[in-house]
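Please keep the sequence and the structure in view while reading.

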Amino acid sequence: MAFDIEMIKSVYSKMAERVDKAREIVGKPLTLSEKILYSHLWDGEPSTAFVRGKDYVDFAPDRIACQDATAQMALLQFMQAGKAKVAVPTTVHCDHLIQAKSGATADLKIANSTSAEVFDFLESVSNKYGIGFWKPGAGIIHQVVLENYAFPGGMMIGTDSHTVNAGGLGMVAIGVGGADAVDVMAGMAWELKFPKLIGVKLTGNISGWTSAKDVILKVAGILTVKGGTGAIIEYFGEGAKNLSCTGKGTICNMGAEVGATTSTFGYDDSMERYLRATDRNDVADAANAVRGYLTADDEVYANPEQYFDEIIEINLDELRPHLNGPFTPDLATPVGELGKKARENDWPLQVDWGLIGSCTNSSYEDLSRAASIAKQAVDKKIKPKSDFGINPGSEQIRYTAERDGLLETFENLGATVFTNACGPCIGQWDRSDLKGEEKNTIVHSFNRNFSKRADGNPNTHAFVGSPEMVAAIAISGRLDFDPMHDTLINEDGEEVKLDEPMGIELPPQGFAVEDAGYLEPDEDGSGVEVKVSPTSERLQLLDPFVPITPEQLQGIKLLIKAFGKCTTDHISMAGPWLRFRGHLDNIANNTLIGAVNAFNKKTNFVKNQLTGEYGGVPDTQRAYKAAGIKSIVVGDHNYGEGSSREHAAMQPRHLGVAAVLVKSFARIHETNLKKQGMLGLTFANESDYDLIQEDDTFNFVDIADFAPGKPLTIEVVHADGSKDTIMANHTYNDSQIGWFKEGSALNVIKRENAA
């Protein structure tokens with residue numbers, strides 16, 4: 001039986017009435033996305049037709065999911081909210097703090113030792129506040145959610161940008177910062193700007209070497225990393241119905257890489273098969289009873305251009321396998337064309353590693369397709385030219401794959417099977433084959449390939465592909481290998497060709513597991529004590545942020561003018577820094593150390609206007625903080641792209657950054673800045689970015705009149721005494737301005753709970 005089945009039945013019991021009412025109010029047929037949004041309004045029954053991309057709306061999500069790296073800060077904030085128990089079903093999954101090095105058994109043992117303090121904290125907090133806890137090794141959050149919690153037509157938020165993976169089971173699942181999650185945990189509404197809608201019509205069937213992963217790799221090439229910002233991507237058509245449920249999950253997962261609020265598919269037979277295979281017959285039966293409400297109205301898919309803001313059409317019969325990269329997940333290249341492009345750009349053709357897994361591609365079907373290629377290599381006596389690493393998505397998948405011989409196939413090829421965890425995908429990889437910053441190439445089935453992400457090396461060229469394509473290219477050891485046309489020489493000197501991959505959608509003998517790794521919380525956690533040592537270097541209780549006053553926004557200094565791409569990995573790196581995710585002051589020492597200074601094109605090297613000397617970004621900012629001076633960060637387009645990590649907002653706030661002024665924001669990061677009581681602003685005239693000089697001081701002339709829809713006037717004073725006046729736009733509404741005036745959204749929650 002499913003978790004929280006009564007909650008799911010309650011959602012379905014209200015859906016028909018709410019959707020019918022919404023259709024009446026909107027005055028036209030509804031997309032699936034609209035049905036889910038309108039049926040999850042905080043006020044219950046719809047009464048207003050919302051304007052896409054404009055209206056802020058309060059929603060009531062059904063559940064919350066948190067991973068261990070972000071859960072620390074989220075739960076440290078929730079502990080301040082004054083609540084005895086979370087208001088909606090919530091889970092914590094320990095998947096980020098396990099380093100991949102030697103193999104699953106050894107690596108998990110080391111993680112349980114080195115991160116025991118954090119795991120114990122998360123387990124005790126979960127037990128105290130009624131939160132389900134998944135132990136280290138239980139699996140990657142998004143795969144575990146898909147197997148246990150996701151349900152068609154539901155709404156979920158999660159403290160990880162790839163929460164969107166659950167769209168593969170027909171949810172509207174959205175990545176958020178921890179402060180957003182705390183709102184919902186505390187029983188409050190969750191605010192979101194009503195999204196625009198992008199429709200992707202899929203026709204035909206995938207076959208041969210083409211996979212579901214290639215759909216989203218193609219879409220990423222079309223939309224780019226910011227083309228989906230502020231929108232839900234809804235997939236439909238016969239091609240969509242022909243995809244497996246986990247294939248749909250892969251597509252939705254990487255929707256985060258185009259900036260989409262989320263992605264989703266209508267409920268269909270593949271989802272029903274997956275629900276039943278994962279022991280959720282009760283959910284499937286309940287969904288079938290409201291099946292017509294769990295997909296768009298027929299008229300929408302028949303005439304999509306009338307109901308979506310943008311339409312993309314992809315013929316799966318013609319879709320070719322892709323590899324995307326390096327350094328950005330939207331640089332899409334069909335396999336077979338990559339060799340020419342690599343030579344033109346001097347990308348290393350030799351492939352050193354093939355990595356299979358992550359939350360994107362670690363299902364049973366994914367492993368089976370990759371294993372079919374690995375088995376061919378063994379049978380045809382092809383010696384792999386690259387190293388292999390495998391991360392199963394969950395203990396259930398690992399156990400089942402081991403039972404069915406899939407893991408043995410990989411091991412026969414010489415692969416290392418790592419823990420059921422994120423591993424190299426998030427920089428948790430102790431890579432021993434490289435020294436220094438050697439230029440090299442890896443291929444993986446992950447979702448992101450930003451510079452330094454996998455191994456900390458800025459010269460690692462990472463390319464994203466399907467598990468089977470990663471396996472084939474890693475076996476060949478060549479980035480320019482095309483398994484559809486090229487041959488390999490085996491150990492007997494024979495010329496051999498790889499056959500097309502063969503996948504198994506669901507295990508024929510069913511899924512099996514001995515210990516899934518789940519701990520149910522106490523019914524009454526009031527007696528559970530949560531301890532945080534005052535001398536801990538990994539955990540730190542939070543002090544509320546103090547409001548930034550209008551007076552403090554006069555004479556503020558430029559901290560850094562970031563050049564080009566500045567993701568959350570640049571603002572708050574993962575990798576070895578993950579160990580400090582529960583200690584705000586310690587992790588603040590990595591603030592913006594990956595951002596490129598526009599004035600010298602160096603990282604972590606900025607001018608201290610108080611001394612005239614150059615130093616690290618955190619050190620410079622701490623000097624400003626000690627002097628009582630606030631600062632501003634200036635950035636380029638899509639600032640804060642990538643992970644949902646709110647540390648990228650909390651760290652600058654903690655150090656004294658008052659405002660971030662950029663050409664454009666990624667959605668989650670802009671919200672995180674607002675939640676922490678900061679100013680997240682955009683240039684009214686993008687060319688004003690070029691006016692900003694290294695020694696600039698900023699005066700927020702009319703901040704006392706901060707109001708919705710009213711741009712702010714900023715006086716920029718240069719070192720020679722000359723001045724420029726620029727206008728800055730913002731998207732703050734009255735509630736969000738209240739967060740700024742109170743110091744943070746959490747301060748507002750505490751005040752309201754105390755009243």
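Where is Pro 326 found? Pro 326 is in the loop between strand 12 (322-324) and strand 13 (332-334); strands (E, at least two residues) and helices (H or I, at least four) are DSSP runs, numbered from the N terminus. A cis peptide bond, with omega about 5°, joins Gly 325 to Pro 326.

This is a predicted model, in which local features need pLDDT of at least 70, side-chain atom pairs count only at pLDDT 80 or more, and totals for chains, interfaces and linings use all residues. Residues are numbered from 1 along each chain as its sequence is written, and side-chain values use heavy atoms, leaving out hydrogens and water.

| Residue | Phi | Relative accessible area |
|---|---|---|
| Asp 346 | about 60° | 53%, exposed |
| Lys 452 | near 75° | 31%, partly exposed |

Exposed means over 50% relative accessible area, buried under 20%, and partly exposed in between (1.4 Å probe, protein chains only). Asp 346 lies in the loop between helix 14 (338-345) and strand 14 (351-356), while Lys 452 is in the loop between strand 17 (440-444) and strand 18 (460-464).

Helix 3 (residues 68-78) and helix 7 (residues 178-185) pack at about 45°, with their axes 9 Å apart.

Definitions and conventions:
Axes are lines fitted to C-alpha atoms, for helices over the stretch in contact, and angles run from 0 to 180 degrees between N-to-C directions.
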